[in-house]
Amino acid sequence: MLAPLELVAMLEDQQQVQLWRIEAHPDRAVLRVAALPGLAQDAVHAYELWALSTAGGAPVSLGLMPQTGTGELQLNDSQRDALAAAQQVAISLEPVSGSPTGAPTGPVLFVAAVLGNG
């Protein structure tokens, strides 16, 4: 039997409208991401999720966020390690295929605390 999902982060806009809910099993190998009704659709951009290092290192991409419904982000070992070490995640606005550089290229739109770390 699988362990229940735990809340990893809740991303909200400045008016505290919930936009995404990120959950995972305790090993955090797969993130389950739900786009919530308050999220504005953007057909010409993607929203990319980043783990922000507490040590000030470069952000690590965790994948592209769904704009509707739910999706899963399969994390490799380096992504899992980055998420485990992060106290925050961020969403940047990127080209449809995601950041071409491996770092945020568009504006960072949202930042949220990672729950359960530390």
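We'll start with some ground rules, then look at a sheet, a core and a loop.

What you're looking at is a predicted model, where local features need pLDDT of at least 70, side-chain atom pairs count only at pLDDT 80 or more, and totals for chains, interfaces and linings use all residues. Residues are numbered from 1 along each chain as its sequence is written, and side-chain values use heavy atoms, with hydrogens and water left out.

Four strands make an open sheet in the order 1-2-3-6, with antiparallel pairing. Strand 1 and strand 6 (70-74) are at the edges with a single partner strand each, so one side of each has no neighbour in the sheet. On average, neighbouring strands here are turned by 20 degrees against each other, ignoring direction. (Strands are DSSP runs of E, at least two residues, and helices are runs of H or I, at least four, numbered from the N terminus; two strands pair if DSSP finds at least two bridges between them. For the angles, axes are lines fitted to C-alpha atoms, for helices over the stretch in contact, and the range is 0 to 180 degrees between N-to-C directions.)

Now follow the chain across it. Strand 1 and strand 2 are antiparallel over six bridges, and Ala9 sits opposite Ile22 in strand 2. Their hairpin has five residues between the strands, and there Gln16 takes a positive phi near 65 degrees. Next, five bridges join strand 2 to strand 3, with Trp20 opposite Ala35. In that hairpin Arg28 has a positive phi near 55 degrees. Another five bridges link strand 3 to strand 6, where Ala34 faces Thr70.

Is strand 2 mostly covered or uncovered? It's mostly covered: five of its seven residues are buried, meaning under 20% relative accessible area, while exposed is over 50% and partly exposed is in between (1.4 Å probe, protein chains only).

That leads us inside. The largest nonpolar core has 27 residues, and Trp20, Ile22, Leu31, Leu49 and Met65 have the most contacts inside it. Such a core is a set of buried Ala, Val, Leu, Ile, Met, Phe, Trp, Tyr and Cys residues joined through side-chain atoms within 4.5 Å. Beyond its neighbours within four places in sequence, Met65 is in contact (heavy atoms within 4.5 Å) with residues including Trp20, Ile22 and Leu49.

Finally, visit Pro104, in the loop between strand 7 and strand 8. Pro104 is partly exposed, at 29% relative accessible area. Pro104 and Pro59 are 45 residues apart in sequence but 7.8 Å apart in space, C-alpha to C-alpha.
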